[in-house]
Amino acid sequence: TIDTCKDAIRHGAYDYLVKPINIDQLRSLVEQAARQVVRMKRTNAQGRAADEDFRFDGVRGNSPQTTGIFEVLRRIAPTNISVLIEGESGTGKELLARAIHDNSNRWNKRFVPINCAGFTETLLESELFGHVKGSFTGAAGDRKGLFEIADKGTLFLDEIGDMPLNMQAKLLRVIEDGVVIPVGGNKPVIVDVRIISATNHDITNLVEEKKFRQDLYFRIKGVSVSVPPLRERREDIPLLADFFLKEAVGETGSKVAGFTDAAANLLASYEWPGNIRQLRNVIRTMVVMSDRDKLDVQDLPPEINRVRQLTAGQTKSSSDIPLEEIEKQAILDMLAKTGNN
């Protein structure tokens, strides 16, 4: 029951989950709790968190673009300034948001993510601000919103560019006043939440098209971080591939020890329309399906092998490539970019 959960927290529990358990939420909570224990031990041993404790879990890269992003994050993480992260889908925007939170003064409070594109306007308002019993059909009881849940912590608004205009106005008021009123209620709740937003749209274009409020844009864009697609920072691909390989090997117990030079070259030369998310899924699939000591060209998925074949054919004559193959590759690339949605 909620009462026993609250009692457990008073006695030192980190947090609680409501059944049925969401595995992603469980994993996120366990990771946050583990980081808190590690930081507490280091702080107790040293009197303060060490400078080298600044970390970006799951974020890897040594390209000039990525190291530049890391430097910006190091500067803004300790502050309470709002952050807008822009970039294509799959570029790791949520990982960067978590890194900002984990290295902020709010690290021991909740990091609460929400995909603004995944809800209707009514449901999004309820998710963010909460609701009282009977406020709409199905509201069987009072429910806290994510603003209240993230109090003293960080709220990550993913795909904020897809938020309806009416909802943007309500969000702006909460950000400016720091006060939330649940749907159907009249009792204000004071909250202290850091806002980190992300989008795969060009917000300035949406503002010009009157699809995004300019005043909200200025509020969420305290600092803007632009994450380039993977094809524009190919130096990061080998490092990311090795990281995802070790991750997949640890999860599956596989004996795969690395990549052949040929496979590594093809991974580095591929366009990766789905960016880091696609690379991670490809490496996991290769590890699961391969019986080799090293992942080779034969282990690459069809879309990458097909690009290799088409590229080889272009050295002879681009007119030799059947239109059907070009169309098929375009469809596969789009499916990869949208996560097969």
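Two residues are in contact when heavy atoms of theirs lie within 4.5 Å of each other. Keep that in mind as we look around this predicted model.

Let's start with Leu157. Skipping its neighbours within four places in sequence, Leu157 is in contact with Ile114, Cys116, Leu128, Leu171, Ile195, Ile196, Ser197 and Ala198.

Leu157 also shows up in the largest nonpolar core, which has 31 residues. Leu157 is among the residues with the most contacts inside that core, along with Leu128, Phe147, Leu155, Met163, Leu171 and Phe212. Who supplies the residues? Strands E2 (111-115) and E5 (154-158) each bring at least two, and so do helices H5, H6, H7 (165-177), H8 (203-208) and H9 (214-220). H7 is the top giver, with five residues. Apart from this core lies another one of 24 residues, including Ile237, Tyr270, Ile276 and Leu300.

Now for the rings. The structure holds five aromatic pairs, and here are two of them:

| Pair | Centre to centre | Angle between planes | Type |
|---|---|---|---|
| Phe129 and Phe147 | 5.9 Å | 35° | tilted |
| Tyr217 and Phe218 | 5.7 Å | 40° | tilted |

Conventions: Residues are numbered from 1 along each chain as its sequence is written. This is a predicted model: local features need pLDDT of at least 70, side-chain atom pairs count only at pLDDT 80 or more; totals for chains, interfaces and linings use all residues. Side-chain values use heavy atoms; hydrogens and water are left out. Rings of Phe, Tyr and Trp (its six-membered ring) pair if their centres lie within 6.5 Å; planes under 30 degrees apart count as stacked, over 60 as edge-to-face and the rest as tilted. A nonpolar core is a set of buried Ala, Val, Leu, Ile, Met, Phe, Trp, Tyr and Cys residues joined through side-chain atoms within 4.5 Å. Buried means under 20% relative accessible area, exposed over 50%, partly exposed in between (1.4 Å probe, protein chains only). Helices (H or I, at least four residues) and strands (E, at least two) are DSSP runs, numbered from the N terminus.
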